Amino acid sequence: MERCIFCMVARGDLEATKVYENDDVVAFDDIAPQAPVHTLIVPKTHYDSMSSDLPLTTMAALFEAVPHVAKIKGLEKSGYRVIVNNGMDANQTVQHLHVHVLGGKRMSHGMVNFEE
Ligand code: 5GP
Ligand code: ZN
């Protein structure tokens, strides 16, 4: 999609600090990191979010990239969290499917914070 920011990153039309890339996905550092390591993995083909229409190959490519990113970022031993915010209630703000890889510091046990 022409004006989608993550499509623009995937095309090289918007600058980003790339971490990993293959034919199907590109991984780059989040512009507003919420952890010492905060990298996003996006499919090169635009999908708004996860849905039952999402090809299994795309899903596989996204998650296959996770351990590569973790290794490049030195998170293999210490561990990391993988998050997909999907749709409104999850506060997805960029409507191009993406996987967050977060790590570099010990996290608390809770996984969700609800709005008041
Ligand atoms: P969401 O809230 O949709 O799960 O995550 C979107 C993420 O994209 C946010 O963490 C936000 O900081 C990041 N982001 C938004 N715009 C840009 C950008 O132009 N470049 C990069 N690298 N990250 C972005
Ligand atoms: Zn897109």
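Author: Begin with a pairing: β4 and β5 are antiparallel partners over four bridges, where strands are DSSP runs of E with at least two residues and helices runs of H or I with at least four, numbered from the N terminus. Two strands pair if DSSP finds at least two bridges between them. This is a predicted model, in which local features need pLDDT of at least 70 and side-chain atom pairs 80 or more, while totals for chains, interfaces and linings use all residues. Residues are numbered from 1 along each chain as written, chains are lettered from A and ligands numbered from 1 in written order, and side-chain values use heavy atoms, without hydrogens and water.

Reader: Which residue of β5 is the bridge partner of Tyr80?

Author: Gly103 is the partner of Tyr80.

Reader: Which way do the residues of β5 point?

Author: In a regular strand, side chains alternate between the two faces of the sheet. Here Val99, Val101 and Gly103 point one way and His100 and Leu102 the other.

Reader: Which residues coordinate the zinc ion (ligand 2)?

Author: Donors are N, O and S atoms within 2.8 Å of the metal (3.2 Å for Na, K and Ca); water is not among the atoms, so sites may look incomplete. The zinc ion (ligand 2) is held by Cys4 (SG), Cys7 (SG), His46 (ND1) and His96 (ND1), at 2.0 to 2.3 Å. Cys7 lies in helix α1 (residues 5-11) and His96 in the loop between β4 (80-83) and β5 (99-103), so the pair ties together parts 89 residues apart in sequence.

Technical notes:
Buried means under 20% relative accessible area, exposed over 50%, partly exposed in between (1.4 Å probe, protein chains only).
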